[in-house]
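Me: I have a structure on my screen and would like to learn how to read it feature by feature. Could you take me through it?

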Amino acid sequence: MNADGQGAEPGTLVPEPRSAPAYGDELPDLLPDGLLIADAEGRVVSFNRMAERLTGLRREQVLGQDARDVLPLHDADGRDWWKCTDPYGGLCTRTRHPERSLFLPSGREVLVTASYQRDPRHRVRGFHMALRDAEARMRQERQRADLVSTVAHELRSPLTSVKGFTATLLSKWHRFNDDQKLVMLETVNADADRVTRLITELLDVSRIEAGRLEMRRQPVDLAGQARRTIAGRVASGDPEDRFRLDVRGPLPELWLDPDKIAQILGNLVENAVRHGAGTVTIVVEPDTGREGAVVSVRDEGEGIPPEAANRVFRQFWRGNRRRGTGLGLYIVKGLVEAHGGAITVQQAPGGGAEFRFTLPAGTPSYA
């Protein structure tokens, strides 16, 4: 048949229609977890790529075989999980097995959940097993434990100070003169600010990990924001000649969240002042690669070793220094990426570290 629905002319070859691969057949391989599906007889009918990766078994080896034979699973005490659960001969009212940690013959630990598909007479029609990498889960748990430990350590010092000074003032107020009281109250105020900053960092980390950062975009003067950041450092006591601003060329209209841009610049400048040396330079220039802007924050210190460049934006990275929570650069990266930008670290032209981030231009519809 031709395009008009008529028969093909004599002597012409009509190609046979090709059947497209069924999209549903590809779905198991798109899952982030390993998946094994067995039929009513226990024979494996589906075994996805992640299951191959976790178990070391190939799909061709597994399909059509009894799941209990090809995938032995044992608990920490060496008990056979298949015999303990008896999925095809156990209680007919069971619908699922909760997640538990099991071991493959290779010794690799995996997290296993299972569910049943039953017919109207409660007989097993299908058995579905999900496999997850236990190592990734343990890594997440260690990170949470590190976060709790870090927060407890960072909170202890300022709260101890606040408690000590307030208790002293309450019990011995009349023994101190006004200057002494002022020093104590200023210390309490500074420590309260430190606790507030820590809580803000924790909330930012939580929002970044959950993907719940709220962006309130509006036109932002990026160079003006950099000037305000420097002015704030000078007002807090840093020498004015410690900072330099270099604005190169006109910038396109930038629709950004002004509070988050102030936080990005503030964190990077704080990092340069605390861990760098010499002059801290902020360079603001148009992005020649795409419409937008590039901001670089440079210092003249020792810099960051090349082998550490991929780790500086991770949670709790503090290099050889033990000061701070190690969350500042992680938060900076999350805030930059929430704007659609990217951030890198490299050696500055005059030595030291250079943190360089890009921000795309925007319009009201982009906000």
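Reply: Let's begin with burial: of the 367 residues of the protein, 38% count as buried, where buried means under 20% relative accessible area, exposed over 50%, and partly exposed in between, with a 1.4 Å probe and protein chains only. Keep in mind that this is a predicted model, in which local features need pLDDT of at least 70 and side-chain atom pairs count only at pLDDT 80 or more, while totals for chains, interfaces and linings use all residues. Residues are numbered from 1 along each chain as its sequence is written, and side-chain values use heavy atoms, with hydrogens and water left out.

Me: How many helices and strands does the protein have?

Reply: Both are DSSP runs numbered from the N terminus: helices are H or I with at least four residues, strands E with at least two. This protein has 10 helices and 12 strands.

Me: Which strands does β4 pair with?

Reply: Two strands pair if DSSP finds at least two bridges between them. Strand β4 (residues 109–118) runs antiparallel to β3 (residues 96–103), joined by 6 bridges, and leucine 102 stands opposite valine 110 in β4. β4 also pairs with β5 (residues 124–133), again in the antiparallel sense, over 9 bridges; there valine 112 has leucine 131 as its bridge partner.

Me: Which residues take a positive phi in these hairpins?

Reply: In the β3 and β4 hairpin, with 5 residues between the strands, look at glycine 107, whose phi is near 95°. In the β4 and β5 hairpin, also with 5 residues between the strands, histidine 122 has a positive phi near 70°.

Me: How many disulfides are there?

Reply: A disulfide is a pair of cysteine sulfur atoms within 2.5 Å. By this rule the count is 0.

Me: Where does asparagine 310 lie, and is it buried or exposed?

Reply: Asparagine 310 sits in the loop between β10 (292–298) and α10 (328–338). Asparagine 310 counts as exposed because its relative accessible area is 67%. Its C-alpha atom is separated by 8.5 Å from that of valine 345, 35 residues apart along the chain.
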